[in-house]
Amino acid sequence: MTLTEGTNIAVALSPDGASLAFDLVGRIWVMPSGGGRAEPLTDPLGDARQPTWSPDGGRIAFQAYWDGNYHIWSVAADGSELRQHTRGPYDHREPHWSPRGGRIAFSSDRAGSYDIWTVRLSDGAVEQVTGAPGSEYGPAWSPSGDDIAYAASGEGGAGGVWVVSPGDGGGEARRIAGSGGWEVNAPAWSADLATLIHNAIGEGRSVLRTVDLRGGDPQGGDPQGRDARGVREAEDDASGEILTGEDEDVFPFRPAVTDEGFYYTGDGRIRYRAAGGGPPVDIPFTGTVALDREPYTRRARDLTARGPFPVRGIVSPAVSPDGARVAFSALGDLWIHTLGGASERITDDPWIETDPAWSPDGSRLAFSSDRDGQLDLHVWDAASGAVGRVTDGAGATLASWSPDGRRIAFTGTGYQTGINVLDLGTGAVRVIRSGLNGAGRPSWSPDGMSVVTSAHWRYSARFREGVNRALVLPAAPAMPAASGWGAVYHEAAIQVRERFLDLPGLSVGTRGTDGPVGSPDGSWMAYVSDGVLWTVPLDAGGNPAATVARRLTNDAAADPTWSGDSRSIVHLSGARLRRVDLHGGAIEEIPLELAWERAPPPGPVLIRAGALWDGQADALRRDVDIVIDAGRIVEVADRDPSRTADRVVDAGESVVMPGLIEMHAHGGLAAGEQTGRLWLAYGVTAVRCPACDPYEIAEAREAGEAGKRIAPRWFGTGGTIDGSRIYYPGAPALGASAQVDLEMASARELGYDLIKTYVRLADPVQKRVVAEAHALGLPVTSHELYPAVAFGADGVEHVRGTSRRGYSTKISELSRSYGDVVDLLAASGMTITPTVGIYGAYGLLTAEDPTLFDDPRVETFFPWAPIAARAPADIALARRLAGDMSSLPRRVREAGGRVVVGTDAPINPAGLSLQAEMEALVRYGGMRPLDVLRSATSESARALGYEGVLGTVTPGALADLVVVGGDPLADIRATREVQVVVQGGRVYDMERLLRRE
């Protein structure tokens, strides 16, 4: 297919002015400077961007991502002689070739923050040019080669445009333009060194602005201080002439400046503006790309088979100190399995019970439960069977007993967010660390003075991705209250003693239950890295005593837990529980022989509907009987007053429609039992989780389908398959492409419904993941559009979404998408889940229509939601941005593409945010209610692989239905008025869904 527009593309002019190089869909292209047919110089898998020409015009340098980090590469202008100029585990971005030809300037995080560097092409030597604590990026050599201009942001009011001399001895960097609170990007020099042009983004605009390097104060005052070259230094203003249009969507890249004018990109096009002013001239281009999307056979689960089925949702196993028993959560309850014996259910109720932890003497079991209405720690006594709650409103998960059994460390998601320690004697809870962006289960040192957890470590402040490292936190008992000075001393000691352990491996644990976990005797640390289980010896101070870890498994591993004698580790591997002997290395299976059966189907149900929308039709059908038996729709017929059933639902004044399908939501067991009732209360009968704990999503699915908890149908996967850097908890960092095999094995054994790849995964590896997932019959979704769309990925998440580039390839900073995005989606059949709510549409909608909160569901499930909603400061600007963003799904749909509906809950409240999402797509994006409803029902069912089974009210489909109080085709807000929900033939009225039993 041929592309004629590009979203967030960059352009560079050849030194002779004859050719343009630009990046489109992650490839470098060249064409005549007057426009025309562009030829690609790089393949589709490099994510090659931001070209710059060598001074002789023979080569083009750019940043590319072939190996999973951004590096500086160059290629001859005819596409030959590809060369790599930087290497290593760091990113190198935004190259600019020096006019003398021997060096390329770039930005990199190789020194702990983003700084300006140069690479010498003759031998690959790199040299650091700047080193301020903030972020410095977007370098541009002056035409003389004496100076480098760059943009900066971050600490100390450093935002703006700066100039530095990188020669021998260099010189102190000088800020020559402030930011004025705007984001500043990509300066470029005029040929006479008198002016810089740079991008600035703020107040709903993206512009090109000038900086006068030689003149006086542009505000009209006296000349400011100037350096030896005459370059003046500026305060934090945003002065300078704006060169671009009022509503022009200028992309944030370096313009190509000539004596006569400048080339730049915006509004989806390459443009030229003459120096004397006047309107822009569009430079037309065409770029042809191939879509090679091999068909495959989807593997769908049988949603009605009774079973029995082996239990796969084994959550957070914990081996007892004597090594004879394993506690775990499954099917909604706590279990204890005796090795060599049977599994015993020790709780039996509808509440969440998870994350068991044995006391050091094996007499008690701490666990997390919402049995009292909120997630707290409880303790089960093995002798009496009694259970007592020991925290109150802490949102407590991942308990860990201190060696003396007097304290419990845990992670908190309630008012005690962070790593906490509970004193069982006093009931006091102390936060020992907060602000960790999710932390793993804490593990105690043998002396009880510290805990270690898996915590996130960033490469720089500019981008959020990093790795997980083992973080040691002081956890000594609190000082006596009388020692006021002692309490102060202790808090100071916390800051002094906190440290990271340098454990071998790319990334340690997943900030969950994958370690690091110390052996009881303090001699070993176990953790999961690269998908397998490792141990490393520790010295007397708790530091690694070796630089190379010992690999204990070849298969995928999760949830390591030590026996009390420190001689063996019990862990999960796929759907199996195993024990590995630390000294001999032998691995043995621990057969649980635990099974579940789907709940018996309900009896016949008759719904007498005043009107029906079946998931596809253009109009309502009036006076309809819907006959349900064994959980399926068996007949949809005109009203017959003589027809009856075991249960009759009178919906004669209402509209019946398919249950809604939420296609992008996250969360785990910590959300509590109410989660299932919440979803159904908003008419949502199926939920897809594109990134979840694999064992928790399996448990949720099995507990719900077994009838243990009221729940929607769950479709999900494990953690995202990401690259060498990660951000969210639960995502393993990919140390090598061989780890893909382990991830696919887990997907097969645990019954994933899809695979999700994430933003730092290199395109060649993503292509492999797509092929292997499709061989298993599983779809793949990600944040990436191209080249994922070219090699068969099934979906793309978010109109915007996190991007490794620092900018989106699907939408501009002004929330506008162009022809490349629409055309690729429409031609391929790839689905898009817009999630416009999380980018401002939810806050805007609830500000303009706060009646969304006037609802007993809000009062029951999230009374805090009206307070937490963030109204935009500028409503008119927010409407414009929401309208531009929300127009993309409408345009994709109108072009024949596929749109599904999701929200990324719980960023905004689950269920409520789906309602707001649908309304926003209509109100701001201009979609018809009919198209939004199709996207939220039948189209989503098709994307899940259950076309004709879910998302429709037709004979043979599963009976997942919603009764609403108005006509949703006329007014999408009618979907707020949920009266009755039918899930698999089971009928729930609103009173039941709001009631906790």
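In this predicted model, F715 is buried, with a relative accessible area of 1%, where buried denotes under 20% relative accessible area, exposed over 50% and partly exposed the range in between (1.4 Å probe, protein chains only). Local features require pLDDT of at least 70, side-chain atom pairs count only at pLDDT 80 or more, and totals for chains, interfaces and linings use all residues. Residues are numbered from 1 along each chain as its sequence is written, and side-chain values use heavy atoms, without hydrogens and water.

Y114 and F463 form an edge-to-face pair, with 5.5 Å centre to centre and 70° between the planes. Y114 lies in the loop between β12 (103–108) and β13 (115–120), and F463 in the loop between β41 (450–458) and β42 (466–474), so the pair ties together parts that are 349 residues apart in sequence. Helices (H or I, at least four residues) and strands (E, at least two) are DSSP runs, numbered from the N terminus. Y114 is buried at 0% relative accessibility, and F463 is buried at 11%.

F715 also takes part in an aromatic pair, with Y946; this pair is tilted, at 5.2 Å centre to centre and 50° between the planes. Distant parts of the chain are linked here: F715 belongs to strand β59 (residues 713–716), and Y946 to the loop between α13 (938–944) and β65 (961–964), 231 residues apart. Y946 is buried, at 4% relative accessibility.

One aromatic cluster is formed by Y682, F861, F862 and W864. Over the ring of Y682 sits the charged end of R857, 4.1 Å from the ring centre. A charge sits over a ring if NZ of Lys or CZ of Arg is within 6 Å of the ring centre and within 35 degrees of the ring normal. The charged end of R996 likewise sits over the ring of W351, 3.8 Å from its centre.

A cavity is a set of points on a 1 Å grid over the protein atoms alone where a 1.4 Å probe fits but cannot get out, and lining residues have an atom within 4 Å of a point. Grid points are joined across faces, edges and corners, and a volume is the space filled by probe spheres set on the points. There are 6 cavities of 30 Å³ or more. The largest cavity holds about 90 Å³ of space. It is lined by 13 residues, of which T7, V25, R49, T809 and D820 are the closest to its centre.

Definitions and conventions: 1 Å grid on protein atoms, 1.4 Å probe; cavity = no way out; pocket = protein on both sides within 12 Å on 5 of 7 lines; lining within 4 Å. Phe/Tyr/Trp six-rings, centres within 6.5 Å; stacked < 30°, edge-to-face > 60°.
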